[in-house]
Amino acid sequence: MTKHMSLIDGQWADFGNFQPDINPANTEEVIGEFSYGDASAVDAAVEAATRAAPEWAATTPQVRHDLLAAVGNALGANAADYGRILAREEGKTLPEAIGEVGRASQVFKFFAGEALRIGGQLHPSVRPDIDIEVTREPVGVVGLITPWNFPIAIPAWKAAPALAYGNCVVMKPADLTPACAQIIAKLLHENGCPPGVFNLVYGRGSVVGEALVNHPDVGAISFTGSAEVGNRMAEICGKLRKKIQLEMGGKNPMVVMDDADMDVAVGACLNGAFFSTGQRCTASSRLIVQAGIHDAFVEKLRDAMVALKVGDPLDETTQIGPVIDETQLKSNLDYVDLAKQEASDVVGGERLELSTPGFFQAPALFLGTTNDMRINREEIFGPTASIIKVGDFEEAVAIANDTEFGLSSGICTTSLKHAREYRRRAQAGMLMVNLPTAGVDYHVPFGGRKGSSFGPREQGSFAAEFYTIVKTSYVFSG
Ligand code: UN1
């Protein structure tokens, strides 16, 4: 069995306490064993990062560019192999997994370029003989806590900007997907990342994550995960006056208007709701459908959903991989049971027994639901979606916005007026017209509002807001 360690101060650190990384499509297959650290591992990593920080902050942009570009190129060149690891570890289909590695590669290359584009502003003062310069400086040591559902893209979109803008990193990846985090750590290490600049610490969230968030020498925390954990982190970071960036849940609405193109609408909803097994915070979970198109749309979507092939992610014919683990599957099945009480009808959603022991579930559509039901208030994070019938555009907008979340919001329509109005009124960080609510570009801001996100946006040049501190310098030359 291959054993993997944390990376601390440029060394692979063996803490014993090896934990298995299990394939959710075949629980008999162990992908590797990972040595879990504790709070003292976090102390060692933060100490190394703190020591490395002044020198890394002072490197030329060329040095940071070259490191990130090398990692980006290596990810791209090995996308097929790394995609296989991702698919085995996380369970998304091989094409989705290879696509995600490609995205991670692009993210690194984008931020390689951003390292060269860090600039500032020059202002004349309102007083004579004074110039004012506004510049950005690294935060110092940043803590990155990453989720299992995009196990290589999200570590990439946190680590690459952190390093590009001159920070040192301590990353704690999700317990369920340690192998993808290992790829990023290994590539940084092998491509000349100086000791202490990037540290990876495996361990329980309640131990390692907790220690990272509370550590006085960590200046900023970026977290993607559950609202429950994120909200608690916000309290701690507020008390410690630490920068924080949270990406949490979603209950993303997709409005389907009578004037929608049927194929576009069915395609967008099928992808948004069920692909990646619905395990995306951007998944379309509330399909808000106007009465005139409702019956025909539901029939087409239901037929398309029932035809989706659930199976081994490495099998070419598979469209939906397994659920990540037993706990998530149990929670999904409990929601299907709840839907049987709340909705007028439930199609699919049962556990599937396939040829390998895995966490397979048929995708599910909850029909005849209303927005006040628990299935429409709480994030399920599985391959399920509800249909909510509405009379007109106004009702659709009101229901779409009636949620504590606000990550992504979509509309399928051929009316310019509806598209324009919806863009203006949707309370979400990301807005999709005739596209699934999930599936975003890598070079533009990502994030939400209300209960979905907190703090500055991730990705694109907006990432600078979180990973740097602004300094305003006044220079008198009279
Ligand atoms: C996407 O929809 O392409 O955890 C990305 C998530 C998000 C990423 C979604 N942070 O699902």
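Colleague: What pLDDT do local features need?
Modeller: Residues are numbered from 1 along each chain as its sequence is written, and side-chain values use heavy atoms, leaving out hydrogens and water. This is a predicted model: totals for chains, interfaces and linings use all residues, side-chain atom pairs count only at pLDDT 80 or more, and local features need pLDDT of at least 70.

Colleague: How are α3 and α4 set, oblique or roughly parallel?
Modeller: Axes are lines fitted to C-alpha atoms, for helices over the stretch in contact, and angles run from 0 to 180 degrees between N-to-C directions. Under 35 degrees is roughly parallel, over 145 roughly antiparallel, 65 to 115 roughly perpendicular, and the rest oblique. The axes of α3 (residues 79-90) and α4 (residues 94-117) come within 8 Å and cross at roughly 120°. That makes α3, relative to α4, oblique.

Colleague: How many residues of the contact of α3 with α4 are nonpolar?
Modeller: Contact means heavy atoms within 4.5 Å. Ala, Val, Leu, Ile, Met, Phe, Trp, Tyr, Cys and Pro count as nonpolar, Asp, Glu, Lys and Arg as charged, and the others, Gly among them, as polar. Residues of α3 including Tyr82, Gly83 and Leu86 meet residues of α4, among them Leu94 and Glu100. The contact has 2 charged, 1 polar and, for nonpolar residues, 9.

Colleague: How do α7 and α8 run relative to each other?
Modeller: The axes of α7 (residues 205-214) and α8 (residues 227-240) come within 9 Å and cross at roughly 30°. α7 and α8 are therefore roughly parallel.

Colleague: Which residues of α7 meet α8?
Modeller: On the α8 side are Arg232, Met233, Ile236, Cys237 and Leu240. From α7 come Glu210, Val213 and Asn214.

Colleague: How far from cysteine 237 is the nearest cysteine sulfur?
Modeller: A disulfide is a pair of cysteine sulfur atoms within 2.5 Å. The structure holds 0 disulfides. Cysteine 237 is in none, and the nearest cysteine sulfur, that of cysteine 168, lies away by 19 Å.

Colleague: Is cysteine 412 buried or exposed?
Modeller: Buried means under 20% relative accessible area, exposed over 50%, partly exposed in between (1.4 Å probe, protein chains only). Because its relative accessible area is 1%, cysteine 412 is buried.

Colleague: Where is aspartate 129 found?
Modeller: Aspartate 129 has a positive phi of about 60°, although it is not a glycine. Aspartate 129 is partly exposed, at 48% relative accessible area. Its place is the loop between β6 (121-124) and β7 (130-138).

Colleague: What relative accessibility does glutamine 459 have?
Modeller: Glutamine 459 also has a positive phi, of about 70°, and is not a glycine. Glutamine 459 sits in the loop between β22 (453-454) and α15 (464-467). It counts as buried because its relative accessibility is 0%.

Colleague: Which residues does histidine 189 touch?
Modeller: Histidine 189 lies in α6 (residues 178-190). It is partly exposed, at 29% relative accessible area. Not counting residues up to four places away in sequence, histidine 189 touches Leu7, Gly10 and Trp12.

Conventions: Helices (H or I, at least four residues) and strands (E, at least two) are DSSP runs, numbered from the N terminus.
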